[in-house]
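Subject: A structure for you to look at

Hello,

Here is the structure I promised to hand over. Have a look at it first, and then read on for my notes.

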Amino acid sequence: MNQSDSGFEKASLDVISVREILAARVRQELERAGIPTTLLDVKNPDNPPGAEIDVDLGADVAGGVFVKWNTSQCLRGAAGESLMRQEFQAATIKHNGAVGSLMCTAMVGILQSAGFQAIESEDDMRPSTVEVKGWSEPAS
């Protein structure tokens, strides 16, 4: 396992390779279902709407393949403005959260139907996020 100067410990190259293959399969399946997908780009905070796939390279239990739903820039922006005004009960915040939660449930179902071991993440730092733990060819 590799450790950078910041103390972040990366998973082994073999583990990272498996995660990247799994992420590619997840992306393919979501796109087959008609869901637009992108890979997480930490350099671009304005990610497009749709499913965003994150291959977490960490060697810890938080590492793996994760999928979250990005609402439109319009809805995210409105929710963000409400948050900055500390209007925590604003309809835009509730709606943005509801859309993320509903899409998480839908993506879990789609991925499970296609043979993935997918669940809603139990990590409180990843709300309304799908965790994909593996894949097996569905029985014919």
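This is a predicted model: local features need pLDDT of at least 70, side-chain atom pairs count only at pLDDT 80 or more; totals for chains, interfaces and linings use all residues.

Residues are numbered from 1 along each chain as its sequence is written, and side-chain values use heavy atoms, with hydrogens and water left out.

Let me begin with helix H1, which runs over residues 13–32. Its 20 residues reach 29 Å from the first C-alpha to the last, close to the 28 Å expected at 1.5 Å a residue; that expected span is 1.5 Å times one less than the number of residues.

I call a residue buried under 20% relative accessible area, exposed over 50% and partly exposed in between (1.4 Å probe, protein chains only). In H1 the buried residues are Ile16, Arg19, Leu22, Ala23, Val26, Glu29 and Leu30. They cover an arc of only 145° around the axis, so they sit on the same side of H1; the arc is taken from the directions between the helix axis and the C-beta atoms. On the face turned away from that buried side you will find the exposed residues Leu13, Asp14, Gln28 and Arg32. The cover over the buried residues of H1 includes strands S3 (37–39), S4 (50–56), S5 (64–70), S6 (116–120) and S7 (129–135), along with helix H3. Contact, here and below, means heavy atoms within 4.5 Å. After H1 comes glycine 34, with a positive phi near 90°.

Helix H2 covers residues 73–84. It has 12 residues and spans 16 Å between its first and last C-alpha, close to the expected 16 Å. Leu75, Ala79 and Ser82 are its buried residues. Seen down the axis of H2, they fall within an arc of 60°, so they line one face of the helix. That buried set packs against helix H3 (91–113), while the face of H2 turned away from it carries the exposed residues Cys74 and Met84.

Following H2 is glutamine 86, which lies in the loop between H2 and H3. Serine 128 is another non-glycine residue with a positive phi, near 50°; you will find serine 128 in the loop between S6 and S7.

Now to the interior. A nonpolar core is a set of buried Ala, Val, Leu, Ile, Met, Phe, Trp, Tyr and Cys residues joined through side-chain atoms within 4.5 Å. The largest one has 21 residues, and Val67, Val130 and Val132 have the most contacts inside it. H1, S4, S5, H3, S6 and S7 each give two or more residues to this core, and H3 provides the largest share, 5 residues.

Finally, the structure holds 8 salt bridges, each a side-chain nitrogen of Lys or Arg within 4 Å of a carboxyl oxygen of Asp or Glu. One of them joins aspartate 54 and arginine 126 (3.2 Å, N to O). This pair links distant parts of the chain, 72 residues apart, with aspartate 54 in strand S4 and arginine 126 in the loop between S6 and S7. Aspartate 54 is buried at 17% relative accessible area, and arginine 126 is buried at 14%.

Arginine 27 and glutamate 31 also meet in a salt bridge (3.4 Å, N to O). They are 4 residues apart in helix H1, which means that about one helical turn separates them. Arginine 27 is partly exposed at 28%, as is glutamate 31 at 40%.

A further salt bridge joins arginine 85 and glutamate 87, with the closest N and O atoms 3.0 Å apart. Salt bridges that share partners also join Asp54, Asp56, Asp123 and Arg126 into one network.
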